[in-house]
Amino acid sequence: MKKPPPLKIDGASEREIAREVVTVLPELTRRDFLKGLVTLGGLSLATGVVLSNGAAVEKMLRAISRWNDGAQGALFDPKKLAQTYPESMMTRPFPFNAFYGIEDVPVVDGKDWKLELGGLVKDRKAWDLPSLRALPQEEQVTRLVCVEGWSAIGKWGGIPLGDFLRRIGADTTAKYVGFGCFDGYRSSIDMASALHPQTILALTYDGKPLPPREGFPLRLRIPTKLGFKNPKHIASLYVTNSYPGGYWEDQGYNWFSGL
Amino acid sequence: MARREILRAHPWPVRLAHWATVLAVGIMLASGWRIYDAAPFYAWWHFPPQFTLGGWLAGALMWHFAAMWLLVGSGLVYVGYNILSGRFVRQFWPLSVGGLLRDVGDVLRLRLGHADLNRYNTIQKLMYLGVVAALVVIVASGLVVWKPVQFPFLRMVMGDYGGARQVHFWAMAAIVAFVLVHVVMVVLVPNSLRTMTNVGVKK
Ligand code: HEM
């Protein structure tokens, strides 16, 4: 299309007219302003409704959340330790939390239980409780931080996960360590966090074998991640390079969830 | 007819950062309230769900941790531009107790002046510097709540994880209080909107 010739009124150019228009603009009145605010408010409300329902927005938010996984991985310092506390500061009673009520806690028979291993692991022999208990153990008093915002201090003991992974000949250059549980729960963590010195396969709580509500017979205790990354009642452990997700992670909770 | 005031728009980085901050703060407030409601630490307070964003905790968290980049990005643009250009000194200095007392006196006699909308009076200066400080505090305490292991020094300053949550809450309350007063002031002096939008100002 051909551009129309520049508009001229009484010899004044478009630019000059525009400037004139600006200077004679009346003062914005309070009413104009309030009208504007209402329009803006309505608009943002409308976009708000569209936004919170829209599949596209959900997709965008999830993409940013995956990007935040990367940012957190970069921020994660494998040498920084979570704060440890004196036993006198332990939270008693320790709050129970799971995706079901306390009356539905699974009762696992320790005599039959074995930890199944899978994925990029050389020695996949399953481990029973006595042989896990015979490995060198560590104990720590740390803060468990829930994604909901509350937190509680407890004492867990068990096998440093890094030691265990090396012992079973896991490929520690792989990306992920995943866990399957008796209650149908699943979760997974990045290898750097799995090798962190405070990450343990916990067998005890407060010096005694894990009670059922704390995840008997075996749970992950990882004080550098949020509570839901600490699966209880572990049945299997696997090492993989394909993103395993998890029970809450698949529903929209951030996967890395580091502290 | 038009009251001929000399109106100049704020520099564009300030305008850009301002409106980006408004968007980011809006999202972070509404999603943050939902997150607070998941485990309120004051028995006497929770936020009505219709004023929250995200629908459920995971949705609110996704909004919160998306908008934080916008908030920090626009904060860096705002503070960086103002420091490097010398505008912070020009716009917010001098600050004096005498000036503050004079302003408070004027407010009480209902005649706080607005002869030149591009020059802030002492109350404005303190309000704006105050909200910038509150934003710095909310980001710092947010870092501790988000990553208590990675920021041990900040965690200590904030009084461990639990302390940081409370600091975060009260910085939020301060920002909400600022916004309420700020918007009332803009309604009372609607021409100031032109300085922040570059609409109908002297070019
Ligand atoms: C959401 C949080 C908000 C924050 C943190 C905020 C912060 C600020 C700050 C720091 C300034 C001074 C900027 C400078 O000159 O360096 C300012 C000015 C201004 N803001 Fe906001 N603001 C917010 C919301 C709003 C809203 C919702 C409006 C409009 C309704 C608004 C309208 C203005 C206007 C018109 C000015 C210039 C006012 C003047 O000349 O005194 N702001 N704001």
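Helices here are DSSP runs of H or I with at least four residues and strands are runs of E with at least two, numbered from the N terminus. The model is a predicted one, in which local features need pLDDT of at least 70, side-chain atom pairs count only at pLDDT 80 or more, and totals for chains, interfaces and linings use all residues. Residues are numbered from 1 along each chain as its sequence is written, chains are lettered from A and ligands numbered from 1 in the order in which they are written, and side-chain values use heavy atoms, with hydrogens and water left out.

In chain B, helix α7 covers residues 160-188 and includes B:Val181. B:Val181 is partly exposed at 40% relative accessible area (buried means under 20%, exposed over 50%, partly exposed in between, with a 1.4 Å probe and protein chains only). Together with B:Leu180, B:Val184, B:Met185 and B:Leu188, B:Val181 makes a nonpolar surface patch of about 440 Å².

Then there is the iron site. B:His18 and B:His182 both coordinate the iron atom of the ligand through NE2, at 2.0 Å (donors are N, O and S atoms within 2.8 Å of the metal, or 3.2 Å for Na, K and Ca). B:His18 sits in helix α1 (residues 12-38) and B:His182 in helix α7 of chain B, so the pair ties together parts 164 residues apart in sequence. B:His182 is buried at 17% relative accessible area, while B:His18 is partly exposed at 21%.

Over in chain A, five strands form an open sheet in the order β4-β3-β12-β7-β8, with mixed pairing. Its edge strands, β4 (127-128) and β8 (186-190), each pair on one side only (two strands pair if DSSP finds at least two bridges between them). Strand β7 (residues 176-181) runs antiparallel to β8(A) over five bridges, and A:Tyr176 stands opposite A:Asp190 of β8(A).

As for charges, the structure holds 13 salt bridges over all chains (a side-chain nitrogen of Lys or Arg within 4 Å of a carboxyl oxygen of Asp or Glu). One of them joins A:Asp69 to A:Arg66 at 2.5 Å, N to O; these two are three residues apart in helix α3 (residues 55-75) of chain A, about one helical turn. A:Asp69 is buried at 6% relative accessibility, whereas A:Arg66 is partly exposed at 39%. Another salt bridge links A:Lys229 and A:Glu249 at 2.8 Å, N to O, and both residues are buried. Salt bridges with shared partners also join A:Glu87, A:Glu139 and A:Lys155 into one network.

Definitions and conventions:
Patches are made of residues with over 30% relative accessible area and no salt bridge: like charges are joined within 9 Å, nonpolar side chains (Val, Leu, Ile, Met, Phe, Trp, Tyr) within 5 Å. Accessible areas come from the Shrake-Rupley method with a 1.4 Å probe; for residues, only the protein chains shown count as cover.
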